[in-house]
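Hello,

Here is the structure we talked about handing over. Please load it first, then read the notes below against it.

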Amino acid sequence: MTSTGTSTGSSTGIRLHAPAPGWSIAADVVVVGSGVAGLTAALRCEAAGLRTVVVTKARLDDGSTRWAQGGIAAALGEGDTPEQHLDDTLVAGAGLCDEEAVRILVTEGPGAVRRLISTGAHFDTDDEGGIELTREGGHHRRRIAHAGGDATGAEVSRTLVEAAHARGVRTIENALVLDLLTDAAGRTAGVTLHVMGEGQHDGVGAVHAPAVVLATGGMGQVFSATTNPSVSTGDGVALALRAGAEVSDLEFVQFHPTVLFLGADAEGQQPLVSEAVRGEGAHLVDAAGVRFMAGQHELAELAPRDIVAKAIMRRMQEQDAGHMFLDARHFGQDMWEHRFPTILAACRAHGIDPVREPIPIAPAAHYASGGVRTDSRGRTTVPGLYACGEVACTGVHGANRLASNSLLEGLVYAERIAADIAADHADQAEWAENPGHADHADHADHADQAWGLRGAPAAGPTPPRPEAAGRPDRPAYPLLAPEARFAIQRIMTDGAGVLRSDASLAKAADQLQRLHAEARDALDEDGKTAEPGVDTWEATNLLCVARVLVAAARLREETRGCHWREDRPARDDTDWRRHIVVRLNPDRTLAVRTTDTADFPPTRPYRPQEQ
């Protein structure tokens, strides 16, 4: 399944099988995704005078951001400092955070939150009118700003969506992004996408732009039970892999410890019981009412999520139980109704009243700590392609994300991406006006791809390669039948869930490879593949990211953060305090390597000699 062969360039030449684009529009930047990261990037780019298009898979407010309950972590409280926030983040990341990336997050974070407030976000306040702060797992300070009690994500989404409408940001809703367009030099030239029957455009089309920002969210739908919405099918990671970008740390999937248990056979999106409930004093107990986190960690129920999830799973194994309980009856009805109205309603909708009984909970897939590898400005290893939010791997989260750092990362790194795109755009415009100026000599090799102010130069960009434009002579990559989605989810849940081992991962790898081989052989031998469509594209993307996740998890022979190997229970800093980086080869195999240290090397286009 893996290979150490070389490729002829950064792009794999692999594209999803799809009809040729029937329409196209031009922009300076296209942002794929409409959560906190995507809309923040889009608003900043629009403010910089760039023609910006937002492409989103459902409606503007239907992504993962609106499901975030807990809040945004930032050093806003009296006595708190970015340095303390940094320390907590590094501890949670279990030795694999890129310290410089974390320092950027915690130092720029407070300002980013204040800018969000100035955009119109309303956070809960105390009696004096200051921002009310709470604690969550892994935090030694109250530094979580929240809104609507437990509806922070909904408030953030409302704020950014309203701002996007007010500023006239062009949007294409109900659109699944397919593949990256590249020019003859391998630089980003836009994306192909499929609009699902609504809006101004319909069917497969293209947005041509020299900068693409991936903000597509996570890949939780690769597992049977997840807190992620149905749209979280790893589309951004899969697109980046096909485009030749590197991904990193995909083995580190965070399983939220306290997800409402709806039964052993429950599938799809499951209701989250926020960490903030434990932050306000709820206890984890077994069926006998015995607390089991005391003595396991100095922070007990507020230990980092990986530690709490493992403790819950161990207790479940010891007692042969399908779930544990979260007891917050002592909150009383008033606190439940005012501080956690969303969770209270979700529980009661499933016949559970947390005011009078403990809540049945179990871990479920929640957040991808890894993703498309970027630098501190959000740049991937493909020129012109950026990534931020859950789809990205900035190095902030390491082996385990600290609670409520995700919304903050989306804000901070989206702003940095917008600043980089705006600066590059200005440089290109200046070069176009003064092509012979000595300061622009380093742009000489890219003269044929310079995009002028407010769009392409008169001659237009170098046309995308035919295969990039979605017009191959035959399908370049096999599509899976829609029902393969459920097979992938069962394989991943059984073999690569909270508890992993060499045997379980090997079995998962074999099963995934069988799905891949069957589709590949049908294409290679008979020229047949599943009919192009949203269901088949999503299933194909899920298989792509599942194969990478399992390959990395098999290679990492230790337990660290949210990667738990039962056969390798110890953390091994000597051999494994490093990152696993994966690329997709043109022959559809995976090229896997490790970094030398826990710090990320600079992003740059892949070159064969760097193997």
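Strand 5 is joined to strand 7 (residues 144–145) by 2 bridges, and the two run antiparallel. Within that pairing, Ile 72 stands opposite Ala 145 in strand 7.

Ile 72 and Ala 145 also turn up in the surroundings of Thr 152. Thr 152 belongs to helix 4 (residues 152–166). Is Thr 152 buried or exposed? Thr 152 is buried, with a relative accessible area of 0%. Setting aside residues up to four places away in sequence, Thr 152 touches Ala 68, Gln 69, Gly 70, Gly 71, Ile 72, Phe 123, Ala 145, His 146, Ala 147 and Leu 407.

**The whole chain**

Keep in mind that this is a predicted model. The protein has 14 helices and 24 strands. Of its 611 residues, 60% are buried. The protein exposes about 22000 Å², and carbon and sulfur atoms supply 48% of that area. Take the contacts with a separation of 6 or more: 73% of them are between residues 24 or more positions apart.

**Helix 1**

Helix 1 (residues 36–47) has 12 residues. At 1.5 Å a residue they should span 16 Å. The end C-alpha atoms are 16 Å apart, which agrees. Burial is the other point to check here. Helix 1 is largely enclosed by the rest of the structure, because 9 of its 12 residues are buried. The buried ones are Val 36, Ala 37, Gly 38, Leu 39, Thr 40, Ala 41, Ala 42, Leu 43 and Cys 45. Just after helix 1, Gly 49 takes a positive phi of about 90°.

Which residues touch the most other members of the largest nonpolar core? They are Ile 172, Val 207, Val 277, Trp 336, Ile 488 and Met 492, in a core of 103 residues. Helix 13 (residues 534–555) gives this core its largest share, 12 residues. Another core lies apart from it, with 50 residues, among them Val 36, Cys 45, Ala 101 and Leu 408. Val 36 and Cys 45 are also among the buried residues of helix 1.

Trp 336 is worth a look for its contacts. Leaving out neighbours within four places in sequence, Trp 336 is in contact with Val 277, Ala 328, Phe 331, Pro 341, Ile 343, Leu 344, Pro 354, Val 355 and Ile 359.

**Strands 15 and 19**

Strand 15 (residues 253–260) is mostly covered, with 8 of its 8 residues buried. Strand 15 pairs with strand 19 in the antiparallel sense, over 6 bridges. Phe 255 stands opposite Ala 365 in strand 19.

His 366 is in strand 19 (residues 359–368) too. His 366 counts as buried because its relative accessible area is 14%, and the cut-off is under 20%. What does the side chain of His 366 make a polar contact with? The partner is the side chain of Arg 401, at 3.4 Å. Beyond four places in sequence, His 366 touches Thr 227, Asn 228, Gln 254, Phe 255, His 256, Leu 272, Arg 305, Glu 390 and Arg 401. Gln 254, Phe 255 and His 256 in that list fall within the residue range of strand 15.

Most residues other than glycine have a negative phi.

- Asn 174 has a positive phi of about 55° although it is not a glycine. Asn 174 is found in the loop between strand 8 (170–172) and strand 9 (175–182). Asn 174 is buried, with a relative accessible area of 12%.
- Ser 404 has a positive phi of about 65°, and it is not a glycine either. Ser 404 lies in the loop between strand 22 (392–393) and helix 10 (405–433). Ser 404 is buried, with a relative accessible area of 6%.

Best wishes

Note on methods. Residues are numbered from 1 along each chain as its sequence is written. This is a predicted model: local features need pLDDT of at least 70, side-chain atom pairs count only at pLDDT 80 or more; totals for chains, interfaces and linings use all residues. Side-chain values use heavy atoms; hydrogens and water are left out. Helices (H or I, at least four residues) and strands (E, at least two) are DSSP runs, numbered from the N terminus. Buried means under 20% relative accessible area, exposed over 50%, partly exposed in between (1.4 Å probe, protein chains only). Contact means heavy atoms within 4.5 Å. Accessible areas come from the Shrake-Rupley method with a 1.4 Å probe; for residues, only the protein chains shown count as cover. The expected span of a helix is 1.5 Å times one less than its number of residues. A nonpolar core is a set of buried Ala, Val, Leu, Ile, Met, Phe, Trp, Tyr and Cys residues joined through side-chain atoms within 4.5 Å. A polar contact is a pair of N or O atoms within 3.5 Å; within protein, one must be able to donate a hydrogen and the other to accept it, and residues adjacent in sequence count only if both atoms are side-chain atoms. Two strands pair if DSSP finds at least two bridges between them.
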